[in-house]
Amino acid sequence: MLPTCSVLLDLDGTLIDSKLDLAHSVNAARKYMGLLPITHELVATYVGNGAPVLIRRALGPEATEEQVAKTLDYFIRYYAEHCLDNTSLYPSVKDALDRLRAQSDVRLAVLTNKPVRISTHILNGLGCGHHFFRVYGGNSFDRKKPDPIGVEKLLAESGLPREAAVMVGDSGVDVRTARNANIRACGVTYGFQPETFAADPPDFVVDSLGQLAEMVLA
């Protein structure tokens, strides 16, 4: 059982399955730069630290800063137009969010390294943007996860104490964010990078957001 709490949720690989749209957009950007496509699975391993890091990884170490900047600009524009082509909520997410939002003592927020405008557009497009009291993205602050700046801001805005917060995500980036902010970390087993939990183990794991809702509402 979890007490009255702030539930801070990652986006890609936690709330939404965006793997296909991200892969298509990365490969569109590679094509724009005259490069061959890479596998969807490889793209998924590059996700989690924000779009600039994603594109740097997708281009490889030989790419210049000018090439990365040019590709990033194209990627953001392309992805903004195609981010809802195939993206969907993971099973049980909508029901879990509905149940959690109905409780007056639970505050829900999204903290992602994806650009905030695209993140909000996706959440609204999937019919769940209204569940969150705040959505912060990778460009909402001057530092991204795993820096704790976003968590600190959300804690201040939630009005709930640090010990009542939990960061929920699919990768070691989210666990490290929680550790840096001195809050609990919950890992989801179904996301993009659950294998990273071997190096950064969360306090507990769930197989679905519905399972987390059961723990919060028990």
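Q: How do the side chains of β1 point, and what makes them count as buried or exposed?
A: Cys5, Val7 and Leu9 point one way from β1, Ser6 and Leu8 point the other way, and all are buried. Buried means under 20% relative accessible area, exposed over 50%, and partly exposed in between, with a 1.4 Å probe and protein chains only. In a regular strand, side chains alternate between the two faces of the sheet. A word on the source: this is a predicted model, where local features need pLDDT of at least 70, side-chain atom pairs count only at pLDDT 80 or more, and totals for chains, interfaces and linings use all residues. Residues are numbered from 1 along each chain as its sequence is written, and side-chain values use heavy atoms, with hydrogens and water left out.

Q: Why is strand β1 called largely enclosed?
A: 5 of the 5 residues of β1 (residues 5–9) are buried, so the rest of the structure largely encloses this strand. Strands here are DSSP runs of E with at least two residues, and helices are runs of H or I with at least four, numbered from the N terminus.

Q: What makes β1 and β4 a pair?
A: Pairing takes at least two bridges found by DSSP; β1 and β4 (residues 106–111) run parallel and are joined by 5. Cys5 stands opposite Val106 in β4.

Q: How many bridges pair β1 with β6, and in which sense?
A: There are 4 bridges, in the parallel sense, between β1 and β6 (residues 165–169). Ser6 has Ala165 of β6 as its bridge partner.
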